[in-house]
Amino acid sequence: MPNIGLFLPLALQSLLRNRVQTILAMLGVTVGVSALVTSIALGRGAQEAISDQLLAAGVNMIIVTAGNYEVEQSGGGGVEADHGSIDDPRVKQLLEEYLIAQQTYRGGFTNAAYYPNGQTFQNAEYSAASNPGRYLKTHFEDDPFAAHDHPTASERLGDSMAGLGAAATLTLDDARAIATQIPGVQFTASGVHENARITVDDEEGKQWFTRLHGTESDLPQIRSGWYFPFGDFLSRKQVENSEQVMVIGRVAADKLFGVGNNPVGKTVLLWNQPFEIVGMVDSQSWATQPTAGDDQFDAIYIPVTTVHRLLNLSKLNTITVTSESAGDTTRIAGQIKDLLRQRHGITDMMADDFTVKTQAEQLLGKGLSPELARVVAGNLESVDDLTIAKLSQSLERANGTMMVLLAGIATVSLLVGGIGVMNLLLLSVTQRTREVGLRIALGARRRDIATQFIIEAVSLSLIGGILGAILGVFIASGVEEFFQWSTDVSILSTAIAIGVAMVLGILSGVYPAQRAARLDPIGALRSE
């Protein structure tokens, strides 16, 4: 076994004696390794970018929508609301006074409001907008067609747009059950959605009609094509505390505050209630670009718990779900349906009070007749295989081919660097012929001579490979920064590139090492 500790200093001294030649040979290895690292980073980045764009387009998204299970009754009246009482310890204590007050004010609480603090009644027109939380609410307002015996959200808040436009049948517990009980679910986000009018809280008082989404903090994980040029999305704490904060879409922000201006920290009025803007959402996906009237960027986002608190709600319009794998959306959608039927107590003879649709089903069903849409839905698993799985596989194959091509070109460059190492060592053998002959004459074994030249080749390749890897990382970062191309530098691929350089160094050093070891010591000592 050769003594590496003895030969390594000798090898480094030999390389340093011929600095110019060493640098030139090392440069070839450095360029080759950097090209290999950069090409692999570009290929991996392109693969991840394609995957992100597909996910941003929603190929792994499932939308659970509440069904409108109540219809307006003939004669214009609605059925009596029965959504369960609010869990408030004051309700039982004040129920008797509530009934007495209702008899006193024959019109119910349309023109009067109950104040628990002080237990007096005041004109609702005077205090509805400023004190919405002081009204006693005996049941939730999840069904807009139900008849309520108390002031509704629009009356309490003084805004006719406050309140649901369709009945809601889903709950936060349904969303939690989907997230925890169905394997393969990645993220879930509860949603209450309505049209809304927002007003800038300043002297000018600009208004904009837009789409309201009451949601949760995980929504940006679902909408992976989003980014936030200003601020951030709703935090988990803000949702838990039902804070009056808002994230505004880019289109709505441009309309209210001007194009490119930072809206974070500004206050807007929604339902006559102040909301602080904490972020602005924009798109980084070519598949979804902000336009006026769209559902994502001409929109506002507030905590779903805040919507529940202000509008006296307990239900949801939608639950948005993403699957970990795009090919599993149909399977997960079926399991969601079975789970919700069980949770809602729906038997085989009863219609669902919700709908579950994948993004593929929504897109493919648009513009089709009901009969054809049912056929598409019935064969959706096959459709998913064709439109999503096959598409993903085709893109992966194309990207794999591109990666092989780029890596092949970079390997050729690395091979050229290996040839440079071989030439340097062959030249070194010629220049050091007398030195080699003297060592053999003094008792050095031929394998010791070969080992020294192999170590020189490996050292040259290793140092050049490490420098090339560092250079490749910087080049990949620069490409991503200046050209906005996606890159992904992998530690494993970088280590493999350095390893390939070392292998090429060993192979390049074998022939010069054998040639040096076979020198005749007498002839070597006589050489000039």
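A helix here is a DSSP run of H or I at least four residues long, and a strand is a run of E with at least two, both numbered from the N terminus. I need that to say where Ser-242 sits: in the loop between helix 8 (236-240) and strand 7 (245-249). I also note at the start that this is a predicted model.

**Entry: the whole chain**

I began with the overall counts. The protein chain has 18 helices and twelve strands. Of its 528 residues, 45% are buried. Then I looked at contacts between residues at least 6 apart in sequence, and 76% of these join residues at least 24 apart.

Most residues other than glycine have a negative phi. Ser-242 is not a glycine, yet its phi is positive, about 45°. Is Ser-242 buried or exposed? I found a relative accessible area of 15%, and the cut-off for buried is under 20%, so Ser-242 counts as buried.

Asn-312 lies in the loop between helix 10 (304-311) and strand 11 (318-323). With a relative accessible area of 2%, Asn-312 is buried.

**Entry: nonpolar cores**

The largest nonpolar core holds 44 residues. Which of them touch the most other members? I noted down Ile-178, Ile-248, Leu-270 and Ile-336.

I picked Ile-336 and listed what it touches, leaving out residues up to four places away in sequence. My list reads Ile-62, Val-64, Ile-178, Ile-182, Val-321 and Val-356. There is also a second, separate core of 30 residues, and Ala-25, Leu-414, Leu-460 and Ala-517 are among them.

**Entry: a nonpolar patch on the surface**

Next I checked the outside. Leu-8, Leu-12, Leu-462, Ile-463, Ile-466, Leu-467, Ile-470 and Phe-474 make a nonpolar patch there, and together they have about 670 Å² of accessible area. Helix 1 (4-17) and helix 16 (446-483) each supply at least two of the patch residues. Which helix gives the most? That is helix 16, with six residues.

I took Leu-8, found in helix 1, as my example. Its relative accessibility is 34%, which falls between the 20% and 50% cut-offs, so Leu-8 counts as partly exposed.

**Entry: aromatic rings**

I finished with the rings. How many aromatic pairs are there? I get six. One of them is Trp-226 with Tyr-301, an edge-to-face pair with 5.3 Å from centre to centre and 65° between the planes. This pair links distant parts of the chain: Trp-226 belongs to strand 6 (residues 226-231) and Tyr-301 to strand 10 (residues 299-303), 75 residues apart. Both Trp-226 and Tyr-301 are buried.

Phe-233 has a relative accessible area of 7%, so it is buried.

Methods: Residues numbered from 1 in each chain as written. Predicted model: local features only at pLDDT ≥ 70, side-chain atom pairs only at ≥ 80, totals over all residues. Heavy atoms only, no water. Core = buried A, V, L, I, M, F, W, Y, C linked by side-chain atoms within 4.5 Å. Buried < 20%, exposed > 50% of the residue type's maximum accessible area, 1.4 Å probe, protein only. Contact = heavy atoms within 4.5 Å. Patch = residues over 30% accessible without salt bridge, like charges linked within 9 Å, V, L, I, M, F, W, Y side chains within 5 Å. Areas by Shrake-Rupley, 256 points an atom, 1.4 Å probe, with all protein chains shown as cover. Salt bridge = Lys/Arg side-chain N within 4 Å of Asp/Glu carboxyl O. Phe/Tyr/Trp six-rings, centres within 6.5 Å; stacked < 30°, edge-to-face > 60°.
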